[in-house]
Amino acid sequence: MSLRGHVYSSGFKLQYLQQGTGTPAIVVGSSLYYSRTFSHNLRNSLKLVFVDHRGFSPPYDCQDTSGFQLDLLVDDIELIRKELGLDRVIIIGHSGHAFMALEYAKKYPANVSHLVMICAAPNFSHEGHIAAERYLNDSVCPERKAALAKNLARLPQEIAAAPEKAFITYCLLMGPKSWFDYNYDATKLWEGIEVNNASC
């Protein structure tokens, strides 16, 4: 079973895609990207609801960064939960979206059965970034490091060539740091996805 739709919040068109059956689970981020990356086996036991946050809302080009405050993103998740008539949900976030999921669980605990935070650092502190870089340097093979260095050397020119795609370009070139297969090309996962750069 698949249900696609959207809700509007302060001019932002927030898309959602509901797939599978079972316990409802809201996945915060890009409805397109995460529906492509989550295992299809999960749809056998979970009603996965992939939802956009404002940073992935097409085609609204909001330049006011105050429109992307965390409390607004959290309330948008609640808006979609109500729109779909969901009761208590598992709330899931990956990377930076894990902190959105956490804040939602803190603000609306009565609506959350479980919180799942995937690949999330303890915080976004300077010390945390240093520790992550040290771990990468100490733990991965030379081939992965070389692939990442090669990609990072291309980053400035590729962003300059298409600044509207800066976030996606960055994510793609960070592939050797992100994927088990450091040669994996994630381009297809990002097809058709729009990003509001003011949110980055």
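This is a predicted model: local features need pLDDT of at least 70, side-chain atom pairs count only at pLDDT 80 or more; totals for chains, interfaces and linings use all residues.
Before I turn to the helices, a word on terms: axes here are lines fitted to C-alpha atoms, for helices over the stretch in contact, and angles run from 0 to 180 degrees between N-to-C directions. Helices (H or I, at least four residues) and strands (E, at least two) are DSSP runs, numbered from the N terminus. Residues are numbered from 1 along each chain as its sequence is written, and side-chain values use heavy atoms, with hydrogens and water left out.

Let me begin with the helix pair. Two packed helices are described by the angle between their axes and the distance between the axes. For helix H5, residues 142–161, and helix H6, residues 166–173, the axes come within 9 Å and cross at roughly 165°. The crossing of H5 and H6 is right-handed, a crossing being left-handed if the near helix is turned anticlockwise from the far one by less than a right angle, and right-handed if clockwise. On the H5 side the contacts, meaning heavy atoms within 4.5 Å, involve Leu148, Asn151, Arg154, Leu155, Glu158 and Ile159, which meet Ala166, Thr169, Tyr170, Leu172 and Leu173 in H6.

Now to the sheet. Strands of a sheet pair through backbone hydrogen bonds, either parallel or antiparallel, and two strands are taken to pair if DSSP finds at least two bridges between them. Here 6 strands form an open sheet with mixed pairing, in the order S1-S2-S4-S3-S5-S6. S1 and S6 are the edge strands, each pairing on one side only, and neighbouring strands of this sheet are turned by 20° against each other on average, direction ignored.

Walking across the sheet, strand S1 (residues 2–9) runs antiparallel to strand S2 (residues 12–19), and 8 bridges join them. Serine 9 has phenylalanine 12 in S2 as its bridge partner. S2 then pairs with S4, again in the antiparallel sense, over 4 bridges, with leucine 17 standing opposite phenylalanine 50 in S4. The parallel pairing that I want to show you is that of strand S3 (residues 23–29) with strand S4 (residues 46–52), over 7 bridges. In this pairing threonine 23 stands opposite leucine 46 in S4, and isoleucine 26 has valine 49 in S4 as its bridge partner.

Helix H2 (residues 70–83) touches S1, S2, S3, S4 and strand S5 (89–94), and its direction makes about 130° with that of S1. Helix H3 (residues 96–107) touches S3, S5 and S6, and its direction makes about 150° with that of S5. As for S4, 6 of its 7 residues are buried, so the strand is mostly covered (buried means under 20% relative accessible area, exposed over 50%, partly exposed in between, with a 1.4 Å probe and protein chains only). Lysine 106, by contrast, lies in helix H3 and counts as exposed at 54% relative accessibility; its C-alpha atom is separated by 12 Å from that of leucine 70, 36 residues apart along the chain.

Next, the backbone. Most residues other than glycine have a negative phi, and most peptide bonds are trans. Which value does phi take at serine 10? Phi of serine 10 is near 50°, a positive value in a residue other than glycine, and the residue sits in the loop between S1 and S2, a hairpin with 2 residues between the strands. Serine 10 is exposed, with a relative accessible area of 60%. Cysteine 119 likewise has a positive phi, of about 50°; this residue is found in the loop between strand S6 (112–118) and helix H4 (126–139), and is exposed at 64%.

That brings me to the cysteines. How many disulfides does the structure hold? It holds 0, a disulfide being a pair of cysteine sulfur atoms within 2.5 Å. For cysteine 141, the nearest cysteine sulfur, that of cysteine 119, is 18 Å away. Cysteine 141 is partly exposed, at 30% relative accessible area. Cysteine 171, in helix H6, is also partly exposed, at 22%.
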